Amino acid sequence: MAELVLGPVVGGVHAHGAKLWGRADEQTMMYAWIGREPDLSDAQYVGATLLSADTGFAGVVSLSDLQPDTRYHYTLTLDETPPHPQSGPYPSFRTAPEEGDDQPIAFAFGSCFLPRRPEDDAIFTALDQRRLEEDLRFWLLLGDQIYADAWDANGLGRVALTADDYRAIYRHNWSRPALRHLLAHLPAYMIWDDHEVDDDWHWTNLDRLTADIPWWDKAIRWWHRRPREERHLSRKRVRAALQAYWEHQVLHAPPLLHPPEGADIQRPQILMGDEGHFGYTFTYGNAAFFVLDTRFHRVKAPEQRRLLNPAQWRALENWLLAMRDRFPFKFIVSSISLLSDSWADLARDRWNGFPDERRRLLHLIAAHRVPGLFILTGDLHAGHAIRAEIRTEDGERLTLWEFCASPFAQKINGLARYLWRAHAPWPVRRLQRLFVVDRPHFGVVRLTSEPQPGVSFTVYDAQNQPLHQVWVPHPMGGTESLLAEPEP
Ligand SMILES: [Fe+2]
């Protein structure tokens, strides 16, 4: 008898639809039911999908024709029998408000989850409390949703090599009760970072024929007598990781801007010359989001370094122009930090390792004078709020904020506090870090329109206690008067 081993996950939420994702332990049909009553006594059958071995028995049912800003209860079943009301109450999600609706909303974000102890789940229990206390609308998981290379803690006992290895690690991480509960109750938007494949991985040529990991990872694995195939990153291994990433994180995402070849048959490929990537956009009320894929086309070759490919650059530029005046709040979601530099950064795995592209993005923001723009990021295993003052070509001042929340549960980077380097890449004039957080946490962003439009960013620890907060009044007309108050 088939069983749902992961999920349900609610993803791809918009004003009129959502995606319900699940993964079973063998081939089966998966049926989706929704209703307005918590016990689903009014359940309607809304679709089914076959969970087959091709996708590791994972699949998604897309919901459409839903009402905006409306709460729906739902369940996924593996047979055709409608849900029993006495088994309720069932989990629920709320659809997004219509585009342009300026009601206040709050959402959470964070990254990096490598559970080693049962108490590492506490961060998700805290986030669930927060959800109930203030009606969080969704959360963003900004990468390192698994640590495929952490052989001592990934549940597998080795570095992942095959698609089934990667799938096993997703199962290990995502079946943690508090995380599973949260994914069923709070709509999620996800993007990968490096550890979904391997630590700080990258291509070594523009054709993406060979990949690599840093020398120190190879040295550490050699020291620990890991077998040869775990000490380098074959293209085959990237393909295996990609397949599992597709199944667990992309199936329920909003539509991709430019899907890679093979996506339509659930087998994304890495083809020479294919510009496909995993970036996507979505809107939520009066906020617009561009979720960047900073990994799939990353190249570190002797003759060239590249973070984003031309297709994603074009999409990002078009999005900035299109959203500039249409949405008061704009978020660029990047798994890696744009504005953070450190005195001892050997890996240079962030935007700082791609200085030309970092300048290009900052220049783009300055040239188009995009107000109300925020960067959301993770990755650093230390959270922060950074304020950057950009000078436009007309001499105007524009403020760009970077909010970082990381990790949910992972080793803390205790040195981040001391090694921060306030490096201001042109056209940034001044850079200021408002706070740094060096314990597990998640971030909450609140958007308000009354009495004054603004954005706040608050960081909470695993006990749901606020640690720091900044408040940014929304810049009307392109410039900003700043009021940011770090709190103890
Ligand atoms: Fe991480």
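This is a predicted model: local features need pLDDT of at least 70, side-chain atom pairs count only at pLDDT 80 or more; totals for chains, interfaces and linings use all residues.
## Domain arrangement

The protein chain is divided into domain 1, covering residues 1-96, and domain 2, covering residues 98-473. Between the C-alpha centres of the two domains the distance is 27 Å. Their contact draws 32 residues from domain 1 and 29 residues from domain 2.

The size of an interface is often given as the accessible area lost when the parts come together. For domain 1 and domain 2, the area buried between them is about 2500 Å², with 52% of it on carbon and sulfur atoms.

## The contact between the domains

Residue pairs in polar contact between domain 1 and domain 2 number 19, counting pairs with both residues at pLDDT 80 or more. On the side of domain 1 that touches domain 2, at least two residues come from each of strand 1 (4-14), strand 2 (17-24), strand 5 (58-63), strand 6 (71-77) and strand 7 (92-94). Strand 1 gives the most to this side, with 10 residues. By residue class, this side of domain 1 comprises 17 nonpolar, 9 polar and 6 charged residues.

There are also 3 salt bridges between domain 1 and domain 2. R71 pairs with D135 in a salt bridge, their closest N and O atoms lying 3.6 Å apart. Both residues belong to a network of salt bridges that links D69, R71, R94, D135 and R137.

## Salt bridges linking separate parts of the chain

Side chains of opposite charge can pair when their charged atoms come close. The count of salt bridges in the model comes to 38. One of them joins E99 and R326, with the closest N and O atoms 2.8 Å apart. E99 lies in the loop between strand 7 and strand 8 (105-110), and R326 in the loop between helix 6 (310-323) and strand 17 (329-333), so this pair ties together parts that are 227 residues apart in sequence. E99 is partly exposed, at 44% relative accessibility, and R326 is also partly exposed, at 47%.

## Buried salt bridges

D198 and R221 form a salt bridge with their closest N and O atoms 2.7 Å apart. Because D198 sits in the loop between strand 10 (188-190) and strand 11 (202-203) while R221 belongs to helix 4 (residues 215-223), the pair ties together parts 23 residues apart in sequence. Both D198 and R221 are buried.

A further salt bridge joins the side chains of R298 and D349, at 3.0 Å from N to O. R298 is in the loop between strand 14 (287-291) and strand 15 (299-300), and D349 is in the loop between strand 17 and helix 7 (355-367), 51 residues apart. R298 counts as buried because its relative accessibility is 0%, and D349 counts as buried at 0% as well.

Technical notes. Residues are numbered from 1 along each chain as its sequence is written. Side-chain values use heavy atoms; hydrogens and water are left out. Domain bounds come from an automatic or database domain assignment. Contact means heavy atoms within 4.5 Å. Buried area is the accessible area (1.4 Å probe) that two parts lose on being put together, summed over both. A salt bridge is a side-chain nitrogen of Lys or Arg within 4 Å of a carboxyl oxygen of Asp or Glu. A polar contact is a pair of N or O atoms within 3.5 Å; within protein, one must be able to donate a hydrogen and the other to accept it, and residues adjacent in sequence count only if both atoms are side-chain atoms. Helices (H or I, at least four residues) and strands (E, at least two) are DSSP runs, numbered from the N terminus. Ala, Val, Leu, Ile, Met, Phe, Trp, Tyr, Cys and Pro count as nonpolar, Asp, Glu, Lys and Arg as charged, and the others, Gly among them, as polar. Buried means under 20% relative accessible area, exposed over 50%, partly exposed in between (1.4 Å probe, protein chains only).
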